[in-house]
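The sequence and structure come next.

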Amino acid sequence: MNCILFEDRSVAKLYPIVLARPAYGITCGGFRLAELVAEKFNSCRGVVRYHIAALQAHYYPQLHETPLVEGQPTLLLCASLVPRIQTLEKLTRWVESQKPGIVLHNGRVIAAVLPPGHRIPNSNSTYEEFLAFVEALSPTAELPQRDETFDLFEFAHDVVHFNEEIIHENLEYRLKTGDYREIQTGFYAAGEISLAENVSVDASKGPIVVEEGVSIGPFCFLRGPAYLGRNVKVIEHSAIKDAVSLGHTTKIGGEVEATVIEPFSNKQHHGFLGHSYLGSWINLGAGTSNSDLKNTYGTVNMDYPFGRVATKMQFVGSIFGDYSKTAINTGIFTGKTIGVCSMLYGFVTTNVPSFVNYARLFGQVTELPPEVMISTQQRMFQRRNVTQTPCDIQLIHDMYLLTQEERQLTGEPLVF
C-alpha cells in the first residue's frame, strides 16, 4: 500500500515549532511520525508547505523521491498526527483489511484509505492543488466514514502533553523492536555508550532508553521514562526526569523535566527546564530557567497569534521555535512561546516574536535581520560538522517573511 503524509491548512496553528520542520518531523515520546510510517510503507510520499519542500528533499529524501506504486490502495495521513504506537497499530489493522474509508476530525480529513484506481494528484501537483483534492474528499458509498479517532497536535503545547502521555508505550515498543541491552534495572542502551561512575538511575515509573554514542557524566540522576537519542551528551551533576525526550546530538545540563528537545540543541549549563518543547539549533545560556507552574496552581492559558487557548494543563513551560538563543540568567515566565531566530535577555514576561532581540527588561526590543541569523547558522553548523546548504539559507529568508506580521502584532516598539 502507498502512503502520503500531508500537511493541511491547520498546520499553521502549530507555529512556531513547524516553521522550520514538517509537522511529521515533530519529536514526541521518542519518535517522529515519519519514522513510524517509514517502518510500514516502502512507498511513502510527503506533501508539505512550499517553504518546507526543499528542506524535505534534502533531509527527508525517502518522502520526496520515492514513487507511488500503481494499482495499490493509498493511505492518506495528516502530518499532524501524534506519533504514538497505538496509532500505528490502529493504522496497521486498517491497512491490512484494505477497506477503503475516511476519518474526519471537526471536518478535517485525518486519514483515508483510497482504493486502487482512485484519482490522486501526481508528484508535480502544487501544494494548493493537493490540499484542494484532500478537502474535496467526503464520506461516500465508496469511501465510508470510519468510527475511528486519532490523536492530533492541534496546538504547539499539545506536544508537551502527548509526550508525557505516550512516552512509556513508545519506549516499550522501542525495546521490543530494537537491539538494546539492559545495563541496570530498567536502563537500556544500544551500542557503545560512555557512563561515568556515580550515576543514579530510577526506572520505577518507566524505562530509560539511550542510543549509541550517548555520554553521561558523573553524579547525574536519570528518572524514567526517558529517551536519549544518538550522541547525546549529559553534563555532570544533571537531572533528567519524568518523560524527557532528547533528539540526537544534544548537550544537556542542569535539571530537565517532562521536555522534548530536538536535535542539535544545547542546554548545557545549570538551570531548570520543565514541561517545554525546544526546536533544533537552540542554545540556552547558563542559568536560564523557565517556570512551568503558575503561582495560583491553576491551569495555563496560551496566547497564540490566532487567539487564546485553554490548555487544561497545570504544567506548561516554554515553547521554542528553532534557532533561538537565551543569554545567561534568562528567566522565562509560565506558558510563553518563543519564535524562531530570536535572542532573549533578562526576564521574558510575554510571548517573543520571531527574529527579534528581546530585552524588555532593559526597555528594548529590536528586529534581527535574516543575514545575522544566516551567519549564526553557518557558525553553529561548522561547530557540529554540518554543511550549510542553500536550502538551509533559504529557510531563514522564508521564515523571516512568514513571520513579518507576527512582529507587527506584538505591539512592541521595534527598533531597526
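## Strand pairing and local geometry

In strand 14, L222 is the bridge partner of V201. The model is a predicted one. Strand 11 and strand 14 (residues 221-223) run parallel and are joined by three bridges. Both belong to an open sheet of five strands, whose order is 11-14-17-20-23 with parallel pairing. Strand 11 (200-202) and strand 23 (272-274) are the edge strands, each pairing on one side only. On average, neighbouring strands of this sheet are turned by 5° against each other, direction ignored.

The backbone has some exceptions to note. Most residues other than glycine have a negative phi, and most peptide bonds are trans. P16 is in the loop between strand 1 (2-6) and strand 2 (27-28). Another cis bond runs from G224 to P225, where omega is near 0°. P225 lies in the loop between strand 14 and strand 15 (226-228).

F219 has a phi near 60° and lies in the loop between strand 13 (215-216) and strand 14. For A258, phi is about 50°; this residue is found in the loop between strand 20 (255-257) and strand 21 (260-261). A258 is buried, with a relative accessible area of 1%; the cut-off for buried is under 20%.

Turning to the rings, the structure holds 13 aromatic pairs. One of them is the tilted pair of F6 and F130, with 6.1 Å centre to centre and 50° between the planes. Because F6 lies in strand 1 and F130 in helix 5 (residues 127-136), this pair ties together parts that are 124 residues apart in sequence. F6 and F130 are both buried. Ring pairs link F6, F130 and F133 into a cluster.

| Charged residue | Ring | Distance of charged end from ring centre |
|---|---|---|
| K90 | F150 | 5.3 Å |
| R174 | F31 | 4.0 Å |

Conventions: Residues are numbered from 1 along each chain as its sequence is written. This is a predicted model: local features need pLDDT of at least 70, side-chain atom pairs count only at pLDDT 80 or more; totals for chains, interfaces and linings use all residues. Side-chain values use heavy atoms; hydrogens and water are left out. Two strands pair if DSSP finds at least two bridges between them. Helices (H or I, at least four residues) and strands (E, at least two) are DSSP runs, numbered from the N terminus. Axes are lines fitted to C-alpha atoms, for helices over the stretch in contact, and angles run from 0 to 180 degrees between N-to-C directions. Buried means under 20% relative accessible area, exposed over 50%, partly exposed in between (1.4 Å probe, protein chains only). Rings of Phe, Tyr and Trp (its six-membered ring) pair if their centres lie within 6.5 Å; planes under 30 degrees apart count as stacked, over 60 as edge-to-face and the rest as tilted. A charge sits over a ring if NZ of Lys or CZ of Arg is within 6 Å of the ring centre and within 35 degrees of the ring normal.
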